[in-house]
Every structure is written in C-alpha cells, then in structure tokens.
Amino acid sequence: MKVSALLRHLYVGAVIMLIVAELLLVLVSWILSATMADNVRSLLSSEGLRWFVGTFSSFVATPSLVWMLLMSMAGGCMWQSNLLSVIRSCEPKGNYRQRVALRSTLTFLVIFLLVVMLLTVFPHAVLLSATGRLWPSPFSRALVPIVALGLLLMSVVYGRTSGRFNSITDIIDSLSFGIGKAAPLLILYVVFIQFYESLKFVFP
C-alpha cells in the first residue's frame with residue numbers, strides 16, 4: 001500500500017471515529033442526565049441544543065483555524081512556485097533564470113528578516129508589548145501570520161522571477177491550491193473541536 005493511500009485511510013478512520021464518538025457522547029450524556037448523575041449535562045436537553053446552535057461558530061472560528069488557512073495558502077504558493085522542491089534539494093538546480101530567482105528570494109528573505117527585527121528588537125519597537133517584552137506581545141500573537149506572510153512573499157518573488165508565475169491569476173490559483181490540499185486537515189479540525197467542546201459541555 002502506498003504511503004498516500006495509507007494516510008488517506010488513517011484520515012478517514014480518524015474522522016469516522018470522531019463522528020462516532022460525538023454520537024456516543026450525545027447518547028451517554030442523555031442517559032447519565034436521565035439518571036440524575038451529578039455534573040453531567042445532556043446535549044439533547046433544551047440547554048444542550050441552545051448551546052450547540054448558539055456557540056458552534058464561536059468555538060470553530062479560533063485563531064488555530066486562521067493559522068491553518070494562512071499556512072495552507074503559503075504552502076500552496078511555495079509548492080506551485082517550485083520553491084519547496086528547491087528547499088528540499090538544498091541546491092539551486094535549474095537554468096540561469098532559476099538560479100537568479102533563488103538569489104532574489106534569499107535577498108528578499110534577508111530584507112524581510114531585517115524589517116521584522118526593526119519592529120521587534122529595539123526598545124519601544126512597534127510590535128513589543130507595553131512593557132517592552134517580546135513574549136507575550138503583538139509579535140508573539142501574530143507570529144504564525146508573519147511566518148506565513150514571509151513564506152508567501154518569498155514564493156511570489158521566486159515564482160515571478162523564475163517564470164512559474166506569469167500573472168496575478170497564477171498567484172491566486174496557488175493560494176486556492178494550498179487550501180484545497182489542506183481541506184482534509186480543516187475537516188478533521190472542525191470534527192475534533194466539535195467533539196472536544198461537547199466533552200467540556202457534558203462534563204463541566
């Protein structure tokens with residue numbers, strides 16, 4: 001069995017297990033609450049239904065979901081620009097234009113890191129906390145988006161310079177490609193967070 005097929009079977013199995021666990025939790029919560037068990041709330045009660053309908057969006061729409069979307073877009077851009085394969089090989093394979101593209105990308109990376117340092121390293125920097133600390137701070141809370149932005153811009157620079165991206169449409173398509181590839185992970189996240197939050201509701 002190929003690795004991709006094995007991973008797909010594991011993914012489907014994990015999703016099915018979480019769905020079955022959620023259904024069992026609904027049944028168990030109803031049975032335990034019917035027997036007057038202490039500190040158990042039923043998901044089938046009026047309170048449980050109101051909780052599910054009223055809070056579903058709020059506990060799914062977490063920073064983790066945003067981070068996954070941003071990193072998937074950055075990953076798709078890296079894949080489509082061919083920068084990911086260059087990083088994997090650890091050597092600038094290809095023609096002269098591709099080597100120039102790699103040097104341009106490294107130059108951009110240095111500039112990007114310098115900008116981030118200017119915003120974080122010096123006293124009273126913009127992204128430091130009110131007390132001048134790096135953690136926690138606006139920088140620490142935006143670390144994943146900053147990394148995703150850096151990877152995305154690097155991929156755009158490499159893709160445009162090497163000729164992989166010929167228009168803005170190619171760049172947008174690469175972002176959609178990344179989200180498409182990460183779709184199974186997003187589904188798994190939604191199912192998992194639903195079960196986790198339900199567990200917390202039933203056994204407070």
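E197 is buried, with a relative accessible area of 16%. Here buried means under 20% relative accessible area, exposed means over 50%, and partly exposed lies in between (1.4 Å probe, protein chains only). The model is predicted, so local features need pLDDT of at least 70 and side-chain atom pairs count only at pLDDT 80 or more, while totals for chains, interfaces and linings use all residues. Residues are numbered from 1 along each chain as its sequence is written, and side-chain values use heavy atoms, with hydrogens and water left out.

E197 pairs with K200 in a salt bridge, at 3.8 Å from N to O. A salt bridge is a side-chain nitrogen of Lys or Arg within 4 Å of a carboxyl oxygen of Asp or Glu. K200 is partly exposed, at 42% relative accessible area. Both residues sit in helix α8 (residues 168-202). They are 3 residues apart there, which means a separation of about one helical turn. Helices (H or I, at least four residues) and strands (E, at least two) are DSSP runs, numbered from the N terminus.

The salt-bridge count comes to 2. R41 and E47 also form a salt bridge, and their closest N and O atoms are 3.4 Å apart. E47 is partly exposed, with 36% relative accessibility. R41 is partly exposed as well, with 27%.

N82 stands out by its backbone. Its phi is near 75°, a positive value in a residue other than glycine. N82 lies in the loop between α3 (63-81) and α4 (83-89). Its relative accessibility is 25%, so N82 counts as partly exposed.

The largest pocket holds about 210 Å³ of space. It is lined by 13 residues, and those closest to its centre are S72, G75, G76, G178 and K181. On a 1 Å grid over the protein atoms alone, a pocket is an open set of points with protein on both sides within 12 Å along at least five of seven lines; a 1.4 Å probe fits at the points, and lining residues have an atom within 4 Å of a point. Grid points are joined across faces, edges and corners, and the volume is the space filled by probe spheres set on them.

Helices α3 and α8 each supply at least two lining residues of this pocket. The largest share, 7 residues, comes from α3. By class, the lining has 8 nonpolar, 4 polar and 1 charged residues. Ala, Val, Leu, Ile, Met, Phe, Trp, Tyr, Cys and Pro count as nonpolar, Asp, Glu, Lys and Arg as charged, and the others, Gly among them, as polar.
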